[in-house]
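Opening my notebook on a new structure today. I'll jot down what I look up as I go.

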Amino acid sequence: MTESPLDLAELSSVEYRLDSYTALLRSFRSAGYTFSRFDPADPPETGEILLRHDVDLSIGRALAMAERERELGVRSTYCFLLSAPVYDLTRPQNARAIRRITKLGHDIALHFDTRTYWVADDEPSAESVAAKVTDELDVLGRLVGEEPSAVSFHIPPSWVLDRSFEEFTNTYAPPFFSRIGYRSDSSQKWTDADPFPDGLPDAFQLLVHPGLWNATHRPMAEIVDALRQQTHGQVDGYFDRLG
Ligand SMILES: [Zn+2]
């Protein structure tokens with residue numbers, strides 16, 4: 001592979017290319033970090049990174065990223081939505097891709113969209129949250145063959161932040177969030193910003209969205225527009241054929 005580690009102290013921007021991502025991982029490795037899992041019994045300590053992927057856009061991009069990580073001996077956690085209009089986990093090829101990701105040594109988790117059940121940021125009861133989340137964990141578990149326990153909330157409302165739930169492992173619970181560093185690649189913001197302006201935290205959770213990283217840099221607006229058109233085309237085609 002051609003990608004050398006990046007000089008994190010000099011980093012002012014990152015191109016959202018798979019090669020740049022690989023170089024970023026190599027620099028974490030060179031800095032001595034190891035990669036761990038979302039395990040409440042074994043919270044991250046100094047020198048550990050919790051690498052989390054929210055799959056909002058593309059299972060194919062997730063698999064490509066998972067393969068790269070495997071080559072580097074990096075383990076991470078892939079979080080999938082049951083409610084995304086851009087992919088359907090019940091399609092056999094998607095279920096196969098997810099099983100492949102587990103075979104590569106990564107963990108599978110649920111990406112949960114509160115807006116599927118509740119309006120905007122209205123806070124539901126803890127029982128109601130637990131019931132809906134465990135329902136979805138059960139379905140995801142049947143699809144991937146083993147029930148996941150970790151849950152990441154999609155576009156998290158404030159009431160899920162820094163909170164632990166008894167029934168499942170919240171990736172925004174204090175041991176994984178407020179007690180360590182937290183960084184995210186959301187909206188391709190590293191295109192013109194240093195991901196680590198204050199240096200590397202002792203331990204941190206890193207959220208990377210696989211759908212934003214391609215073989216060559218593609219602006220997020222272009223990625224989203226293409227998926228929007230494709231999804232609209234599928235919906236229109238379905239209704240058109242009904243006559
Ligand atoms: Zn999301």
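This is a predicted model: local features need pLDDT of at least 70, side-chain atom pairs count only at pLDDT 80 or more; totals for chains, interfaces and linings use all residues.

Is Glu-222 buried or exposed, or something in between? Its relative accessible area is 41%, so I noted Glu-222 as partly exposed. Next I looked for a partner and found Arg-218, which makes a salt bridge with Glu-222, with 2.9 Å between the closest N and O atoms. Arg-218 is partly exposed too, at 25% relative accessibility.

I checked the total, and the count is ten salt bridges. Side chains of opposite charge can pair when their charged atoms come close. I looked up where they sit: Glu-123 is in the loop between strand S4 and helix H4, Arg-163 is in the loop between strand S5 and strand S6, and the two are 40 residues apart. Glu-123 is over the 50% cut-off at 52%, so I wrote it down as exposed. Asp-113 pairs with Arg-115, with the closest N and O atoms 3.7 Å apart. Here Asp-113 counts as buried at 15% relative accessibility, while Arg-115 is partly exposed at 34%. I also found a network of salt bridges that links Arg-37, Arg-75 and Asp-107.

**The cores.** In soluble globular proteins, nonpolar side chains tend to be buried together. I looked for the largest nonpolar core and got 57 residues, with Phe-28, Tyr-78, Phe-80 and Trp-213 having the most contacts inside it. Which residues does Phe-28 contact, leaving aside neighbours within four places in sequence? The list includes Leu-8, Ile-49, Phe-196 and Leu-206. There is a second, separate core of nine residues, with Phe-38 and Phe-176 among them.

**A nonpolar patch outside.** I then turned to the surface, where Val-235, Tyr-238, Phe-239 and Leu-242 form a nonpolar patch with about 440 Å² of accessible area together. I placed Tyr-238 in helix H5, residues 220-242. Tyr-238 is partly exposed, with a relative accessible area of 49%.

**Asn-94.** This residue lies in helix H3. What does the side chain of Asn-94 reach? I found the backbone oxygen of Asp-88 at 2.8 Å. Asn-94 has a relative accessible area of 13%, so I put it down as buried. Its contacts beyond close sequence neighbours also include Ile-59 and Leu-89.

**Asp-42, last entry.** Asp-42 is in the loop between strands S1 and S2, and it is partly exposed at 43%. Asp-42 and Pro-175 are 133 residues apart in sequence, but their C-alpha atoms are 9.4 Å apart in space.

Methods. Residues are numbered from 1 along each chain as its sequence is written. Side-chain values use heavy atoms; hydrogens and water are left out. Patches are made of residues with over 30% relative accessible area and no salt bridge: like charges are joined within 9 Å, nonpolar side chains (Val, Leu, Ile, Met, Phe, Trp, Tyr) within 5 Å. Accessible areas come from the Shrake-Rupley method with a 1.4 Å probe; for residues, only the protein chains shown count as cover. A salt bridge is a side-chain nitrogen of Lys or Arg within 4 Å of a carboxyl oxygen of Asp or Glu. Helices (H or I, at least four residues) and strands (E, at least two) are DSSP runs, numbered from the N terminus. Buried means under 20% relative accessible area, exposed over 50%, partly exposed in between (1.4 Å probe, protein chains only). A nonpolar core is a set of buried Ala, Val, Leu, Ile, Met, Phe, Trp, Tyr and Cys residues joined through side-chain atoms within 4.5 Å. Contact means heavy atoms within 4.5 Å. A polar contact is a pair of N or O atoms within 3.5 Å; within protein, one must be able to donate a hydrogen and the other to accept it, and residues adjacent in sequence count only if both atoms are side-chain atoms.
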